[in-house]
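Here's a quick walk through a few spots in this fold. Have the viewer open as you read.

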Amino acid sequence: MRLRPGIWLVGWGSRGGAGAPGPGGGRLAWLLRPAPRSLWALSLAIVLTIAVSTSLRENWGSDNAFVVKAADALLAGVSPYEDKRFLYLPSAVLMAVPEALLPTWALRWLLPLGMSGLIGVGWWAALRLFAVPATSRFAIGGFGLFALAYKPYLNLVLIGNWTAISAAALPVALLLAHRRSWAAAGLVVGLAIACKPMLVPIGVLFLVARQWRGLAAAVLTPVALSLLGALLMPSPTLFFTKTLPFLLQGQDEYALPWDASPIAVLPRLGVPGVFAVLVASAGAAGGLWAAWVRWRRTDDADDGELRLVETACMVMLAAFLVSRPSFDHYLLVVLPLLLASGVRAGSTPRSPWFWAALVPQVAGVPWPTELARKRRAFRDCVTLCGLAIVLARRSPRSVRVTLEPVTTAGSPPRTEPECAATSTESASRTAF
């Protein structure tokens, strides 16, 4: 049985006899109702307050400054790769030229808003993927609460890192893929890679789905734009002789305090470096295996959205385990998708362990001083590994569909497969 996304939402809101929603269905039905004006105002106030307060700080846009500096160097006839801190592809220099042409005062106010806007685009696409109304309480209130409570969101808006582009691109690409527009999805991924090569691992999704046109678009788009950028800059070979070796070494002490990769965190705890690499590599290999298992598992209760999201997120989390560096804001690429999937039974956010993994990232928690500032990578590593374990553990789980009687006002009780289907997890599996 294949169910449309809208049928899922109807089924969940109509559980129990006499048309009375069950406890879970009633809460979901309430969340999917249109958000009141007060909630719109509150969420908007949270997002704008974060953006404005960021614009007024002296250290705003520190990560974005490296890319703008690279564009300034290109306009001045200097190779951007003279700066060892510029680690992106030549195509990113072209993308940063419009920013370099803006006055500083304009960039100060536009950049934080742009970061929030990109994350908002990703949240919207994730919601549409699961047929959640964009004007619902879940959509409006959820984004405001996420912006207020999730510390990496605040960090990303402050530093202006281009991770925000990937956070918007991945949900949009998965939405297009679900609508059978894999070539367009590949183009979106390719453009994101041209800005920042974070979504390179998503090529695995195109491989397992055997979508060769989409994979070609994802590969050729950044290659073409990088060749164009290389032709326009002096000494483009510095990318291979200077930047790439710097990346392969895991950068230096500048990034180490914030690097949440197990390869960087475990040696800081006294674990030998070789053992740390083996542990992280084993975790990444296990994550890729879990992604493969999840892709091969299809459920009658899922129309493909949950399969796409969980496979893509597992691939990205596996990559974050071994990439150097892995910063806290990298998780913004997968979290909007996972949070939006919570409207589906059997999804990862339905597990309490998912929320337990996010506790170290809650803003305003008075953590001990040894975990603050330059030691916060320990907390980030716990969240990264926790999410990877929870998602991998649930990858082999199956979901089955059961039929329950549904009544509507003025109608006698009846059983209809289309409107009465609800999902329950198989009794042969234990919850995790």
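## A helix pair: H16 and H19

In this predicted model, the axes of helix H16 (residues 305-322) and helix H19 (residues 377-394) come within 10 Å and cross at roughly 140°. Antiparallel would take an angle over 145 degrees, so H16 counts as oblique to H19. As for handedness, the crossing of H16 and H19 is left-handed.

Who makes the contact? On the H16 side, look for Glu 310, Cys 313, Met 314, Leu 317, Phe 320 and Leu 321. H19 brings Leu 384, Cys 385, Leu 387, Ala 388, Leu 391 and Ala 392. Sorted by type, the residues of this contact come out as 11 nonpolar, no polar and one charged.

## Helix H4 and its cover

Helix H4 (residues 62-75) has 14 residues, and from first C-alpha to last it reaches 20 Å, close to the 20 Å expected at 1.5 Å a residue. Just after H4, Gly 77 takes a positive phi of about 80°.

Which residues of H4 are buried? They are Asn 64, Val 67, Val 68, Ala 70, Ala 71, Ala 73 and Leu 74. Their cover includes helix H5 (90-101), helix H6 (104-129), helix H8 (151-159) and helix H12 (212-232).

## A loop residue: Ser 341

Ser 341 sits in the loop between helix H17 (335-340) and helix H18 (352-358). Why does Ser 341 count as buried? Because its relative accessibility is 1%, and buried means under 20%.

Leaving out residues up to four places away in sequence, Ser 341 touches Phe 130, Leu 306, Ser 347 and Pro 349. The C-alpha atoms of Ser 341 and Ala 126 are separated by 7.9 Å, with the two residues 215 residues apart along the chain.

Definitions and conventions. Residues numbered from 1 in each chain as written. Predicted model: local features only at pLDDT ≥ 70, side-chain atom pairs only at ≥ 80, totals over all residues. Heavy atoms only, no water. Axes fitted to C-alpha atoms, helices over the stretch in contact; angles between N-to-C directions. Helix = DSSP H or I, 4+ residues; strand = E, 2+ residues; numbered from the N terminus. Parallel < 35°, antiparallel > 145°, perpendicular 65-115°, else oblique. Left-handed = near helix turned anticlockwise from the far one by under 90°. Contact = heavy atoms within 4.5 Å. Nonpolar A, V, L, I, M, F, W, Y, C, P; charged D, E, K, R; others polar. Expected span 1.5 Å × (residues − 1). Buried < 20%, exposed > 50% of the residue type's maximum accessible area, 1.4 Å probe, protein only.
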